[in-house]
Amino acid sequence: MSDVHRSNLEIIGRDNIDDVDAILAATDIADRIDQGGATTFTWDYERSRDQLSRLYEKAKTSQWNATTDLDWETPVDQEAMGAFTTQVMPEIVETRRLAPGDPTCPVRNWGDREFARLGFELQAYSLSQFLHGEQGALVCTAKIVEQVPWVDAKYYASTQVMDEARHVEVFARYLREKLEGEYPINAQLMALLVDIIRDERWDMTYLGMQIMVEGLALAAFSLMSHAVDEPLLKRLLRLVMSDEARHVAFGVLSLREVYDSMTSAEIRERQEFAFEAGLRMRDRLVPVALWETLDVDPDAMVRWWVGNLPRSHTPILFSKIVPNVKKLGLLDAGVAEGEKGWLRRKYEEMGVIQFEDWADTSVEYELLDAVAASGTEA
Ligand SMILES: [Fe+2]
Ligand SMILES: [Fe+2]
């Protein structure tokens, strides 16, 4: 059964998942995409899905206002932000340690000032990808409202549309008012959004957006909130995270019901999608535009980074995705008890399987919600 899966080349267009040439080759950015799938009415208004119904009630009372719940007067010192980041971000700490004296490293002659600039730009780059990802979520959740056939899910998804608009609003405002504006979207993230939006099957929108993109975002927000000491950004991230955890929970709850009634061939397609999307999420961490801004040859720097910082693909970002994918049954579907499933082997290849038993988001969101409400740090 497991051997009928398509090959890496067929799924992602390259045999070796770490092929840097192929990763760097993606450059397409679009602003119009034809959406796949039909707009679906439901005439069954019966509220039959209790967990979704509870999540909807929770969403209604958890709305916050970006204009009044954040102190936009907070001054932001960009230099201090950059300097702090260089102390705490593992990729920069490692680069500073390894670069001097390495003739193959493009930044071997950098000093504290250049690294502080890198720290600042890396925050701006990451926040920009959050911003664009949030717009992707806004669009995808609107697609779910149109296409999902269950009334409880249409209700819930509509609250998420509002949440995502607020997230776009706060990231855009922060980048424009407090930093120096946004970087363009990363081509790998764009490719994933295109896949999700073009797919005709509504459950694929959930898997791509609610589980993969939002799962990674949740982990990334958490990491960043520990890598900045700027109070406005810290608070902003906490508020966004409290919403995101609900969004991932929405995905897990909905998909469990759908997957229960699928054939093994249909489940296989979902496994392949969870692998492809996972890899694109990982590749989107290759910050080409960032190196261009810093006048460093992106090609040489990305190669050096991938070759010298094997952990720079930051597996921890998959700490929310893998447990949720496991809970959905996708890791080991299609093989006999005790055998390794196809997706499990793929996540081993990507070096992220170690998170399979971490908390899944359907139980975690209430905790995050409480943390945001109290305004304290987890
Ligand atoms: Fe969001
Ligand atoms: Fe979200």
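Two residues are in contact if their C-beta atoms, placed from the backbone, lie within 7 Å. The model is predicted: local features need pLDDT of at least 70, side-chain atom pairs count only at pLDDT 80 or more, and totals for chains, interfaces and linings use all residues. Residues are numbered from 1 along each chain as its sequence is written, while chains are lettered from A and ligands numbered from 1 in the order in which they are written.

Phe318 touches Val352 and Phe355, residues up to four places away in sequence not being counted. Its place is in the loop between H13 and helix H14 (321-327). Helices here are DSSP runs (H or I, at least four residues), as strands are (E, at least two), numbered from the N terminus. Phe318 is buried, with 27 other C-beta atoms within 10 Å. A residue is buried if 20 or more other C-beta atoms lie within 10 Å of its own, exposed if 12 or fewer, and partly exposed in between; the C-beta atoms are placed from the backbone. Phe318 and Tyr56 are 262 residues apart along the chain. Their C-alpha atoms are separated by 26 Å.

The largest nonpolar core has 95 residues. Such a core is a set of buried Ala, Val, Leu, Ile, Met, Phe, Trp, Tyr and Cys residues joined through C-beta atoms within 7 Å. Met212, Leu216, Ala274 and Val325 have the most contacts inside this core. Helix H9 (residues 202-227) supplies its largest share, 15 residues. Met212 is in contact with Leu207, Ala274, Ala277, Gly278, Met281 and Ile321, neighbours within four places in sequence being left aside. In soluble globular proteins, nonpolar side chains tend to be buried together.

Ala227 also lies in helix H9. With 20 C-beta neighbours inside 10 Å, Ala227 counts as buried. Beyond neighbours within four places in sequence, Ala227 is in contact with Thr85, Val88 and Met89. Ala227 and Thr85 are 142 residues apart along the chain, yet their C-alpha atoms are separated by 6.0 Å.

H9 packs with H10 at an angle of about 150°, and the two axes are 8 Å apart. Axes are lines fitted to C-alpha atoms, for helices over the stretch in contact, and angles run from 0 to 180 degrees between N-to-C directions. H9 and H10 are therefore roughly antiparallel to each other. Angles under 35 degrees count as roughly parallel, over 145 as roughly antiparallel, 65 to 115 as roughly perpendicular and the rest as oblique. The H9 and H10 crossing is left-handed. A crossing has that hand if the near helix is turned anticlockwise from the far one by less than a right angle, and is right-handed if clockwise.

Helix H10 (residues 231-260) has 30 residues, which should span 44 Å at 1.5 Å a residue. The expected span is 1.5 Å times one less than the number of residues. The end C-alpha atoms of H10 are 44 Å apart, which agrees. H10 is mostly covered, with 21 of its 30 residues buried.

Helix H11 (residues 264-283) and helix H15 (residues 342-350) pack at an angle of about 15°, with axes 9 Å apart. That makes H11 roughly parallel to H15. H11 passes H15 in a right-handed crossing. On the H11 side, Gln271, Ala274, Phe275, Gly278, Leu279 and Arg282 take part; they meet Trp342, Leu343, Lys346 and Met350 in H15.

Phe273 lies in H11. It counts as buried, with 23 C-beta neighbours inside 10 Å. Leaving aside neighbours within four places in sequence, Phe273 is in contact with Met204, Leu207 and Gly208. From Phe273 to Leu343 the C-alpha to C-alpha distance is 9.9 Å, across 70 residues of sequence.

Helix H3 (residues 50-61) and helix H7 (residues 151-177) pack at an angle of about 25°, their axes 9 Å apart. That makes H3 roughly parallel to H7. Leu52, Ser53, Leu55, Tyr56, Ala59 and Lys60 of H3 make the contact with Asp152, Ala153, Tyr155, Tyr156 and Thr159 of H7. The crossing of H3 and H7 is left-handed.

Asp295 lies in the loop between helix H12 (288-293) and helix H13 (298-308). Asp295 is exposed, with 7 other C-beta atoms within 10 Å. Its phi is near 60°, a positive value in a residue other than glycine. Most residues other than glycine have a negative phi.
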